[in-house]
Amino acid sequence: MSGEQFFFWLLALTTCGGAIAVVLNQNVVRMAFWLVVSLGSVAAIYFLLHADFVGTTQLLIYVGGTVVLLIFGVMLTASGPHVHIKTSPADLVMAGGVGVLMLFLLISTVTAVDWKAVHGDAYPQDTSGYNDPRISHGNTARPIGLKLLGVSLEDTKGNPKKLSTGYLLPFEIVSVHLLVVLIGASYLARAKRRADANTDVESSR
Amino acid sequence: MEIGLNHYLVVGAVLFVCGIICMATKRNAIGILMGVELVLNGANINFVAFSHYTPLGLDGQIVSLFVIVLAAAEAAVALAIALNFYNNHLTIDVDRGDELHG
């Protein structure tokens, strides 16, 4: 078994095992832990697929940001020590059955497609054009940065490299979107008087 | 056995289905948010796998970057909503949110 195969099976095990553990756990703090395990393994899968920039971004933003945000939410919305929120077993069985059916549908659909026939001749086995050895070895930070600035140095059909358009407009849109969303979220979550169980609900705004 | 495109697509499918089951069964609002994160990561694995194995090129990785950024923004807003819900109802159980007022 080569190194790539060994790492793929190990990472697939931790990713899918972590995701299944998130589903099966009833305690939300343990779900957050297994989510960290799963998302960290997904970042390692990105490194295995020679997507170094995306893997680093996944570690920084997902594991280091979003999951920490979720754990903050868990701490701020903690119920009492004797309150257990559990799903009824009937709901679990029904959702599990539908989930297994959907998994079977997805896997059978995906593995039935011959991906080489879909893309025809322009498959990246030829080393001219798309399969730039720097990109295929993971050195993707500079090409991705250039593409986000609107300059693309590759043609995705496998033709020799030529100048093409990039992703400048989506980049600007996402930047403004992020600013607006964070301002809105911090306004929504501003400190307000919490509704006391004894006082009137209308007096808390 | 050579690791091909289908292996990564199956991993993405498993993550997607786990996220959907999480969204459907959890009563804690934060648990539902974790399901949303799993769904988005399943789709991201698909994007990056196609970027590596097909002539999609760097476009797949750039779209997955956008997905990561938008998922972080959506998690922030959803968490603000969950905090407001908790402050108004004193419980994080989403089954208690069955009235349209208040």
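**Exercise 1. Describe the make-up of chain A.**

Chain A has eight helices and two strands, where helices (H or I, at least four residues) and strands (E, at least two) are DSSP runs numbered from the N terminus. The model is predicted, so local features need pLDDT of at least 70 and side-chain atom pairs count only at pLDDT 80 or more, while totals for chains, interfaces and linings use all residues. Residues are numbered from 1 along each chain as its sequence is written, and chains are lettered from A and ligands numbered from 1 in the order in which they are written.

Step 1: follow the sequence of chain A, and the pattern reads α-α-α-α-α-α-α-β-β-α.

Step 2: turn to burial. A residue is buried if 20 or more other C-beta atoms lie within 10 Å of its own, exposed if 12 or fewer, and partly exposed in between, with C-beta atoms placed from the backbone. Of the 205 residues in chain A, 23% are buried.

Step 3: look at contacts, meaning pairs of residues whose C-beta atoms, placed from the backbone, lie within 7 Å. In chain A, 42% of the contacts between residues at least 6 apart in sequence join residues at least 24 apart.

**Exercise 2. Work out how H1 and H2 of chain A are arranged.**

Step 1: find the angle. The axes of H1 (residues 3-24) and H2 (residues 28-48) of chain A come within 8 Å and cross at roughly 155°. Here axes are lines fitted to C-alpha atoms, for helices over the stretch in contact, and angles run from 0 to 180 degrees between N-to-C directions.

Step 2: name the arrangement. That angle makes H1(A) roughly antiparallel to H2(A) (under 35 degrees is roughly parallel, over 145 roughly antiparallel, 65 to 115 roughly perpendicular and the rest oblique).

Step 3: list who touches whom. Residues in the contact include Phe7(A), Phe8(A) and Leu11(A) from H1(A), and Trp34(A), Leu35(A) and Ile45(A) from H2(A).

Step 4: sort by class. The contact of H1(A) with H2(A) has 14 nonpolar, five polar and one charged residues (Ala, Val, Leu, Ile, Met, Phe, Trp, Tyr, Cys and Pro count as nonpolar, Asp, Glu, Lys and Arg as charged, and the others, Gly among them, as polar).

**Exercise 3. Examine the meeting of chains A and B.**

Step 1: count. Chain A brings 80 residues into contact with 66 residues of chain B.

Step 2: find the biggest giver. H3(A) supplies the most to the side of chain A that touches chain B, with 13 residues.

Step 3: classify that side of chain A: 53 nonpolar, 20 polar and seven charged residues.

**Exercise 4. Find the positive phi values.**

Step 1: His50(A), in the loop between H2 and H3 of chain A, has a phi near 60°, a positive value in a residue other than glycine. His50(A) counts as partly exposed because it has 18 C-beta neighbours inside 10 Å.

Step 2: Leu90(B), in the segment after helix H3 (58-89) of chain B, has a positive phi of about 60° although it is not a glycine. With 15 other C-beta atoms within 10 Å, Leu90(B) is partly exposed.

Notes. Two residues are in contact if their C-beta atoms, placed from the backbone, lie within 7 Å.
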